[in-house]
Each structure stands twice: as C-alpha cells, then as structure tokens.
Amino acid sequence: MIKAYGDRESGNCYKVLLVLHMLGIEHRWIPVEILAGDTRRPEFLAINPNGRVPLIEIQPGVHLAESNAIIGYLADGSPLVPADRLLRAQMLQWMFFEQYSHEPNIATSRYYLHYLKDPVGKRDELERRRAPGLHALGVMENRLSRVPYFVGDRLTLADIALFAYTHVADEGGFDLEPYRAIRDWIERVRAQPGFVPMRV
Ligand SMILES: N[C@@H](CCC(=O)N[C@@H](CS)C(=O)NCC(=O)O)C(=O)O
C-alpha cells in the first residue's frame, strides 16, 4: 500500500491527498509536521534528503518526492491525465506554471502570513511576491474565462496542482473577489467526485 507523508496545512501535500481520494487509491497517510521540525529530522532526511513533503513510499525503499511528480505517478493512465499528446503537454505546461509562477509567490506569501503568523521581518519578501502573484492570478483568470478547466472541458492534474494554493490564496493576502472565473472554477473542482477538503 502507498504511504503518503504530508502536512495537512501544505497545499503541495494536499494535491497528493486529492488525487489519492479522487482516484480511490488505497493509502496510509503519515502526518508530518513541518513547524515541529519533522522534515529536518535524520530519519526523514534519510528518505528525502531534500527535507520536504510531500513524499510517497511506493514500495519499501522506493520513494518519490515533488508534488507534481507524485500526482503524475499516481494518476498515470487515469482520466486525470489526457491520452492525447498535445493535451498532456498542455497539462504539464500549467503544472510547470504552477511551480514557477504561482506557488513561489502565492504559497510562499501564505507561508509567511498563515504558518508563521508573525510576518514581521518578511514584509520585503511579501512585497516582492505580490506583483508576480497577482500576475499569476491574472493569467489563470484569463484562461478560465475561456474554458471550464485548464486543459479544456475536463479536470486534469493541472487543475489539481493549481487548486491547492489558489483556493486558500486569501490566506496569503490575495483576495479572490475580483477573479470571477477563478471562483467559479474553484466551485467546479469542489464538486468533483472524491473531492476532500484540505482541512477535516
Ligand atoms: N516543489 C516541491 C516543494 C515542497 C515544499 O516546499 N514543501 C514544503 C511544504 S509545502 C516543506 O516540506 N517544507 C519543510 C521544510 O522546508 O523543512 C513540491 O512541489 O513538492
């Protein structure tokens, strides 16, 4: 059975949880508390030297890190990954966008404001991430005002990757009120079979 190591407050970990539930994959969730320092303990570094969650154990001694690689592995051959070559590449395009243009700005701001609670000393960092974060939301709004999901008319891993931190963007100081198409898309993702909320 797949073992999934994650912190339930982390959007990157939530992507994995969503795919496990949406595809009905039997698994064991192993809670890891980032703020308690769990990811930096020697026993965790032994299975992921990068010291980060999410991480899955596929079989004893075989681990996989990086949220988008993990969900790619879990969903391979499922309806969450288009069979068509171009659609699959477009799905990856949005997943790389998530990791390069979205997560470093929106998730990092949320980390400072929501996790650390006390962002004093992080004001410059928050300021620096604001314009690129807003830009990423603008790119998403533009896409979603044309199509219901990032790769057309069906939910794919691109939606799951982008949903994870977008639906809690307000916790990073990014108000979604002006983004009508994003808000409608959030509701469409929430209505998917197998959907589970980030927090239980
Ligand atoms: N690119 C990685 C990012 C992983 C990451 O930054 N994980 C954070 C939580 S969201 C973490 O484990 N931080 C703990 C630490 O740095 O000790 C992914 O998508 O999985």
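Q: Does His167 count as buried or exposed?
A: The model is predicted, and its values are computed from the coordinates. The general idea is a cut-off: buried means under 20% relative accessible area, and exposed means over 50%. His167 has a relative accessibility of 14%, so His167 counts as buried.

Q: Where does His167 lie?
A: His167 is in a loop, the one that runs between helix 6 (157–166) and helix 7 (180–190). A loop position and a buried state therefore go together in this residue, given its 14% relative accessibility.

Q: How far apart are His167 and Asn48 in sequence and in space?
A: Separation is read in two ways, along the chain and from C-alpha to C-alpha. His167 and Asn48 are 119 residues apart in sequence, and their C-alpha atoms are 28 Å apart in space.

Q: Where is the place of Thr166, and why does Thr166 count as buried?
A: Thr166 belongs to helix 6. Its relative accessibility is 0%, which is why Thr166 counts as buried.

Q: Which side chain does a polar contact join to that of Thr166?
A: The partner is His102: a polar contact of 2.9 Å joins the side chains of Thr166 and His102.

Q: Which residues come nearest to the ligand?
A: The shell around the ligand holds 13 residues, and those that come nearest are Thr39, Arg40, Val53, Glu66 and Ser67. By class, the shell divides into four nonpolar, six polar and three charged residues.

Q: Which pocket is the space taken by the ligand?
A: The ligand takes up the space of the largest pocket.

Q: What is the peptide bond from Val53 to Pro54, cis or trans?
A: The angle to read is omega: it is near 10° here, and the bond from Val53 to Pro54 is cis. Pro54 is in the loop that connects helix 2 (42–45) and strand 3 (55–59).

Q: What is phi of Glu66, a positive or a negative value?
A: Phi is near 75° at Glu66, a positive value in a residue that is not glycine. Glu66 sits in the loop between strand 4 (62–65) and helix 3 (67–75). With a relative accessibility of 45%, which is between the two cut-offs, Glu66 counts as partly exposed.

Q: Does Arg85 count as buried or exposed?
A: Arg85 has 71% relative accessibility, over the 50% cut-off, so Arg85 counts as exposed. Arg85 is part of helix 4 (residues 85–115).

Q: Where is the place of Leu126?
A: Leu126 is in helix 5 (residues 123–144). At 14% relative accessibility, Leu126 counts as buried. Leu126 and Thr108 are 18 residues apart in sequence, and their C-alpha atoms are 8.3 Å apart.

Q: What separates the C-alpha atoms of Val196 and Met22?
A: A distance of 8.2 Å separates these C-alpha atoms, although Val196 and Met22 are 174 residues apart along the chain. Val196 is in the segment after helix 7. Its relative accessible area is 17%, so Val196 is buried.

Definitions and conventions: Residues are numbered from 1 along each chain as its sequence is written. This is a predicted model: local features need pLDDT of at least 70, side-chain atom pairs count only at pLDDT 80 or more; totals for chains, interfaces and linings use all residues. Side-chain values use heavy atoms; hydrogens and water are left out. A residue is near a molecule or strand if one of its heavy atoms lies within 4 Å of it. On a 1 Å grid over the protein atoms alone, a cavity is a set of points where a 1.4 Å probe fits but cannot get out, and a pocket is an open set with protein on both sides within 12 Å along at least five of seven lines; lining residues have an atom within 4 Å of a point. A molecule sits in a cavity or pocket if more than half of its atoms lie within 2 Å of its grid points. Ala, Val, Leu, Ile, Met, Phe, Trp, Tyr, Cys and Pro count as nonpolar, Asp, Glu, Lys and Arg as charged, and the others, Gly among them, as polar. Helices (H or I, at least four residues) and strands (E, at least two) are DSSP runs, numbered from the N terminus. Buried means under 20% relative accessible area, exposed over 50%, partly exposed in between (1.4 Å probe, protein chains only). A polar contact is a pair of N or O atoms within 3.5 Å; within protein, one must be able to donate a hydrogen and the other to accept it, and residues adjacent in sequence count only if both atoms are side-chain atoms.
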